[in-house]
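This briefing is for a reader who is new to the structure shown below. Please look it over before going through the points.

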Amino acid sequence: MIRQTLAAAALLASPTIAAPLSAQSEQEQLDTRYDRALAAGYKALMLCSAIANAERNGAKRTPESVEQWELAGIQAPLDTIAPELPYQIARRAPNNTESELSHVWVEWSEGMAPRIARHESRRGCELLPIGGSMPPAAALRTPKIAPAGRILSFPTGPLATTARAAFGDEFGEGARTTAVTILSGGELLGEAYAPDFGPAVPQRTWSVAKSIAASLVGAAVERGEIAVTDRAGLGYPGEYRGRGTITLDNLLRMASGRYSDTPGNRTDPLYWGGATVDERAANWPLIAAPGSIYRYANNDTLMAIAAIEPTFEQHPPAELFERLGMHHTVAETDWQGNYVLSSQVWSTARDLAKLGQLYLDDGVAPDGTRILPEGWADYVSAPSGPQPAGRPMGYGAGFWLFNQTEGIPADTFAAMGNRGQYVVIVPSRDVVIVRRGEDPAGKSFDILAFTREVLAALGE
């Protein structure tokens with residue numbers, strides 16, 4: 001499919017839309033051009049991942065649906081650039097509209113190669129670097145219209161009322177819920193979906209992937225391949241202090257002491273620019289003693305995964321998903337094959353509920369085999385490291401802690417991600433609450449209030 005309006009064509013001829021070229025400094029022109037490249041990368045990867053990963057699960061997403069949800073309400077200034085960039089969606093068999101998606105192109109500047117996200121069915125989509133190219137698509141596909149998701153399938157009663165309210169403004173004006181799934185005692189109590197979504201339609205997990213990363217570390221610990229007290233290999237050979245003393249535990253607790261150039265939940269060159277994990281996450285300098293300060297940073301999670309990367313040859317993330325019955329989940333990589341497990345995992349609400357259930361079951365899989373070490377749930381939910389300041393939540397090892405919130409059991413912990421991804425685990429109530437969203441920038445869903453309401457609806 002090709003989208004190109006006269007306005008979009010005009011934009012391709014000029015690297016800036018913010019101000020006339022003559023009115024911008026050289027640096028402003030470079031920044032604007034880079035923003036266009038990032039916006040194109042964002043659009044290419046979202047279109048590729050949302051469509052291809054849904055089809056991998058036997059579901060359908062259309063470009064129009066992705067534009068309505070994943071590409072709406074995104075961070076500035078990409079939000080004003082991305083909608084106007086023309087794109088192409090290519091299939092492996094050009095004349096077969098049902099064949100597997102091959103790649104997505106997004107044009108962004110005259111004289112430059114389009115931004116490309118390419119699809120590999122086992123590992124989802126990966127974004128090529130700026131300037132990276134592939135042969136032109138021989139033909140393009142017009143996808144079918146996506147079926148509407150099931151709006152509500154909870155038994156009538158207080159829980160259904162609370163779930164229905166999640167799709168309105170009661171828990172956050174302007175928030176956009178796509179899915180709610182609730183487990184109690186290991187049983188699915190109900191699930192609800194917005195149109196275009198359903199049990200087999202995955203979404204990007206964003207930072208819920210950090211909790212998946214902590215689970216992969218736990219699995220490696222259980223297999224005896226590593227310990228959380230081990231050094232993470234970030235120092236130079238023979239180093240006995242400084243970066244060389246950073247441990248896996250420091251990384252999981254966002255306490256490496258390393259510098260990051262932005263608030264740590266932004267990694268644009270890696271996520272949308274086509275840079276690699278090795279290029280962007282490994283080499284930040286130390287500015288505080290490891291374990292002394294809290295700094296939420298994608299780079300710490302990425303380096304925790306890099307530390308266990310040798311185990312992936314025998315035990316890739318897909319193995320963990322398979323053992324948990326998370327058949328609709330895929331962990332994506334950068335273009336050099338490094339897992340981007342700080343954000344780039346696509347999963348469904350049901351699959352994330354299974355991840356939560358693993359922690360309620362103290363790391364034992366549905367078939368009775370142990371995946372995580374005994375007591376790993378206590379480890380990830382312990383506020384034993386430095387804590388975030390000015391937040392109503394604490395932080396454990398890859399999970400947020402609801403340990404200081406009135407009306408919620410103090411043992412509650414959660415996987416949380418951008419745009420409203422939540423997996424809330426309440427061990428004392430044997431409950432898992434999943435809320436998925438595509439909340440616009442500047443809008444938020446009150447997961448604390450929603451958790452209180454769900455627990456109240458469930459009764460004692």
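The points below cover the disulfide, the pocket and cavities, a sheet, and some single residues.

The model is predicted, so local features need pLDDT of at least 70 and side-chain atom pairs count only at pLDDT 80 or more, while totals for chains, interfaces and linings use all residues. Residues are numbered from 1 along each chain as its sequence is written, and side-chain values use heavy atoms, with hydrogens and water left out. Helices (H or I, at least four residues) and strands (E, at least two) are DSSP runs, numbered from the N terminus.

**Disulfide**

- A search of the whole structure turns up one disulfide, a term that means a pair of cysteine sulfur atoms within 2.5 Å.
- The bond joins C48 to C125, with an S to S distance of 2.1 Å.
- C48 belongs to helix 2 (residues 26-56) and C125 to strand 4 (residues 124-127), so the pair ties together parts that are 77 residues apart in sequence.
- The disulfide is left-handed because the torsion about the S-S bond of C48 and C125 is about -80°.
- Buried means under 20% relative accessible area, exposed over 50%, and partly exposed in between (1.4 Å probe, protein chains only).
- C48 is buried, at a relative accessible area of 0%, and C125 is buried at 1%.

**Largest pocket**

- On a 1 Å grid over the protein atoms alone, a cavity is a set of points where a 1.4 Å probe fits but cannot get out, and a pocket is an open set with protein on both sides within 12 Å along at least five of seven lines; lining residues have an atom within 4 Å of a point.
- Grid points are joined across faces, edges and corners, and a volume is the space filled by probe spheres set on the points.
- The largest pocket holds about 750 Å³ of space.
- Its lining has 32 residues, and those closest to the centre are N265, G417, N418, R419 and G420.
- Helix 8 (268-271) and strand 12 (413-417) are the elements that give two or more residues to this lining.
- Ala, Val, Leu, Ile, Met, Phe, Trp, Tyr, Cys and Pro count as nonpolar, Asp, Glu, Lys and Arg as charged, and the others, Gly among them, as polar.
- By class, the lining of the largest pocket has twelve nonpolar, 13 polar and seven charged residues.

**Cavities**

- There are five cavities of 30 Å³ or more.
- The largest cavity contains about 80 Å³ of space.
- Residues lining the largest cavity include L216, A219, R223, F312 and H315.
- Helix 11 (317-323) and helix 6 (208-222) each give two or more residues to the lining of the largest cavity, and helix 11 gives the most, with three.
- The lining of the largest cavity divides into six nonpolar, one polar and three charged residues.
- The second largest cavity contains about 60 Å³ of space, and F312 is also among its lining residues.
- Helix 9 (277-281) and helix 10 (298-307) each supply at least two residues of the lining of the second largest cavity, and the largest share, three residues, comes from helix 10.

- An open sheet of three strands has the order 7-9-8, with antiparallel pairing; two strands pair if DSSP finds at least two bridges between them.
- Strand 7 (203-204) and strand 8 (330-331) are at the edges with a single partner strand each, so one side of each has no neighbour in the sheet.
- Strand 8 is joined to strand 9 (residues 345-347) by two bridges, and V330 stands opposite W346 in strand 9.

**Single residues**

- The peptide bond from A76 to P77 is cis, with omega near 0°, and P77 is in the loop between helix 3 (63-68) and helix 4 (78-81).
- M254 is not a glycine, yet its phi is positive, near 55°; M254 is buried, with a relative accessible area of 1%.
- R419 also has a positive phi, of about 65°, although it is not a glycine.
- R419 lies in the loop between strand 12 and strand 13 (421-426) and is buried, with a relative accessible area of 6%.
- T162, in helix 5 (residues 158-165), is buried at 8% relative accessible area.
- Not counting residues up to four places away in sequence, T162 touches F171, F450, E453, V454 and A457, where contact means heavy atoms within 4.5 Å.
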